[in-house]
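The sequence and structure come first.

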There are 2 protein chains.
Amino acid sequence: MIQLYWKNATDKVVGDAHGVSQADLDELKPRMCQAHEAVKAQIDAGRLGYAALPTHAGYAAQVKALVDKYRSTTTDLVVLGIGGSALGNIALQAALNPAIYNLLSDARRGGPRLFVLDNVDPAMVSDTLKLVGRRGARGLLVNVISKSGETAETASQFMIFREMLKKKLGDDFASHIVATTDTEKGTLHEIAIADGYDMLAVPGDVGGRFSVLSPVGLFSAAMCGIDIDELLAGAAEMQERIATAPCMNPACRLAAIKYIATTAKGKPTHVMMPYSNRLYPLADWYRQLWAESLGKRVDRDGNEVFTGPTPIKALGTTDQHSQVQLYREGPNDKLTVFLEVKKHPKDVRVPDDFADVPGLTYLRKTKLSKLLSAEKVATEYALAASNRPSVTIRFDEIMPHSVGEFIYLYEFVTSLMGELLNIDAYDQPAVELGKKATFALMGREGYDDVAADIKPFTRVDRNYLS
Amino acid sequence: MIQLYWKNATDKVVGDAHGVSQADLDELKPRMCQAHEAVKAQIDAGRLGYAALPTHAGYAAQVKALVDKYRSTTTDLVVLGIGGSALGNIALQAALNPAIYNLLSDARRGGPRLFVLDNVDPAMVSDTLKLVGRRGARGLLVNVISKSGETAETASQFMIFREMLKKKLGDDFASHIVATTDTEKGTLHEIAIADGYDMLAVPGDVGGRFSVLSPVGLFSAAMCGIDIDELLAGAAEMQERIATAPCMNPACRLAAIKYIATTAKGKPTHVMMPYSNRLYPLADWYRQLWAESLGKRVDRDGNEVFTGPTPIKALGTTDQHSQVQLYREGPNDKLTVFLEVKKHPKDVRVPDDFADVPGLTYLRKTKLSKLLSAEKVATEYALAASNRPSVTIRFDEIMPHSVGEFIYLYEFVTSLMGELLNIDAYDQPAVELGKKATFALMGREGYDDVAADIKPFTRVDRNYLS
């Protein structure tokens, strides 16, 4: 069971000006209970699709059926997706398989190598295309993930990989593509039917950034040997834990601390700092969840608020040698959330050596997990000594169950933050203009007006070149 | 030649409140010229070691001699280092070799696989140790990088890898270790002499975060086939370009915009957003440079200032689907620095397909580089439409020369920012307490006092567990 430890975010440790006091929490409590009620009501009304995912046996069954069909013949799985169609996949793979997974032999891995192409970087796409093509494409499976099929990045990658598969495999190409998309309509849905791909569902009522526990995130995970039943069970357990303790559960506690820190203690910058390389990409998943859900110009009453804490990721111990100088001595505007692991998936012991070297002798016979853990406490202590608040989320182990717990915890915290900030946490209106501008710049039909608006902007003014 | 384009950071584009005006620049100019003079004087006095690196032929020669000795027999190079002894290595490798480099065959790579272990994550170290050990260690070279040899993370990794090499290779182990360390004294220096390793210099007068163009960063790069002469030539060219145009060069321009944005326009958050996966790890290198150099409690007169812009990394297009919602609609507190590439190392063309699918037809026959470039301009435009300032650093190509230019540019900008903020940009006093606390928690001799201070802190108070 993951646990939240929050003493070091309180006034008792970092002082009144920077820490959350019991009075702050008491004052917020009625609103927090209302917020929890409101989220619960939305869930009960079926308006928050993500809440149904942990116990949606149908999706897991569909995913497992396709995994049974494809796993034994697939040596390379390429996921084409971006944003919510990639960050969860990357985070699950990083958390639950070794960092060197793709470098292992087919036999040692058991499942396919995994490439999640979440950008249209020309070199990256070209290099990956060649690399997987070199094995002949017989063992290649492409999982294209897009609700509409019209996301420019994913669509262009899809066209490129589909062409490659057709060239290498002829008519058989369609049996090397799984489309995760809208179940009823849309460009990718129609192509999948015409070409004859297996399909998985992007649930209609779940936004991209809340979709990791749907087939969007589950298929690549299960293909790579991750126990998705346990992942969902963990999420379901957190859901139950939250539901059975209204306003007294870890989600409400974490939301309260984050909200008070942001609005009353001058801490709009929220660092997530795992002391674990495996958990680091979860911080990227969190960055999207936090930024897109909470970064909003207007509240639900239409007032301009320009709200939204800025999420930052950092890695312990690595960023002690990069960011901690700033976190301790720069502006006291950050709340740090440490992720800590009690039992790591593997461990290494430092040999009993250099007994006569004063600077090294204390390291002898220690486990790296002990050193990592000491460094985490040391950093927490050093931040506290400079009145910088932090909380810790503790994982007993990095397992599908605990990762599932964490995911649901943060999704729920995001919903609570949306309520407290009185904003719509489920839209992303500011993304539209960029999409339209891209279409206009690419000459897509119907975007001539936007193209005209952009034209003066795209001309390079040489007076501003240095 | 890399170029800075800064029109979209001006009042003309994003308005008075958020943009830098000509009046702002004129007002700052005398101070900027003084700052440039001051940095120049420090360089001339030999106090800023990093400035000597681009033209230090000796280091490059030493590195190349060792590369000649080791390259043909090395199939795996493991770098043990952290912070400034890792971030530059990772950034150079990512920028100048394919992302899939380690997955290529020995023949296709030419050089060794590269593993930079910049953390003591137990699972990562254990997995890597096993992976490279499986090839028998005959082709393994360990490059341990530490000025003192007493950095806890690097020292413990070093002890582990040294033991492994001894077990596998017996007395021959020493010819599989290259120590990059202090040239005269220190724990690692002494061990290297006793064991008989080849050594490279960590220059005494160059801080870790400014050391990428010293043997610290050059050796792994050259081992992996990167042209370090061109890298240094690029840095030297930027140095020359800055020197010959006092206060009118790209470094002074960029520093002026960053300084004004931070201190007068409410933009303490500085995003670096490359539109290139290869350049993304340069943003991590920048994060250290920026955070450790500029995040300071006191100015040079001893006044408490708690200064320091917060560096953030983002990746285009990927983070358009994650962070841009916040960047456009959240608090207008960010200055974005885009990195843009004109000619990518490789390119891919979308096939001429789906002519009858309205949502895809505009993508036909386009190159991914064109799409990436359009998305960058679209994002820049969308930010500007919300009065969010940005600047762009343009790379003609991603080559050792342009990467060298970029590195020196940012190092110099950092020095200028230090002058303008009137702080010491070359120390990192806040890191010490965490180090001491780690020693205390690990039971190192001589840290009993610190241990006593920490003791109450480490006891878990169950009242704060959720």
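The contact between the chains takes 121 residues of chain B and 121 residues of chain A, where two residues count as in contact if their C-beta atoms, placed from the backbone, lie within 7 Å. This is a predicted model, in which local features need pLDDT of at least 70 and side-chain atom pairs count only at pLDDT 80 or more, while totals for chains, interfaces and linings use all residues. Residues are numbered from 1 along each chain as its sequence is written, and chains are lettered from A and ligands numbered from 1 in the order in which they are written.

**Chain B against chain A**

- Helix α14 (residues 368-385) of chain B gives the most to the side of chain B that touches chain A, namely 13 residues; helices (H or I, at least four residues) and strands (E, at least two) are DSSP runs numbered from the N terminus.
- That side of chain B has 60 nonpolar, 38 polar and 23 charged residues, with Ala, Val, Leu, Ile, Met, Phe, Trp, Tyr, Cys and Pro counted as nonpolar, Asp, Glu, Lys and Arg as charged, and the others, Gly among them, as polar.

**Domains of chain A**

- Chain A is assigned domain 1 (3-42 + 231-421), domain 2 (51-228) and domain 3 (434-464), with bounds from an automatic or database domain assignment.
- The centres of domain 1 and domain 2 of chain A, taken over C-alpha atoms, are 30 Å apart.
- Their contact takes 23 residues from domain 1 of chain A and 22 residues from domain 2 of chain A.
- On the domain 1 side of chain A, α10 (228-243), α12 (280-294) and α15 (400-421) each give two or more residues.
- The largest share of that side, nine residues, comes from α12(A).
- By class, the domain 1 side has 15 nonpolar, four polar and four charged residues.

**Helices α4 and α12 of chain B**

- In α4(B), L87(B), G88(B), I90(B), A91(B), A94(B) and A95(B) meet Y280(B), P281(B), L282(B), D284(B), W285(B) and Q288(B) in α12(B).
- This contact has nine nonpolar, two polar and one charged residues.
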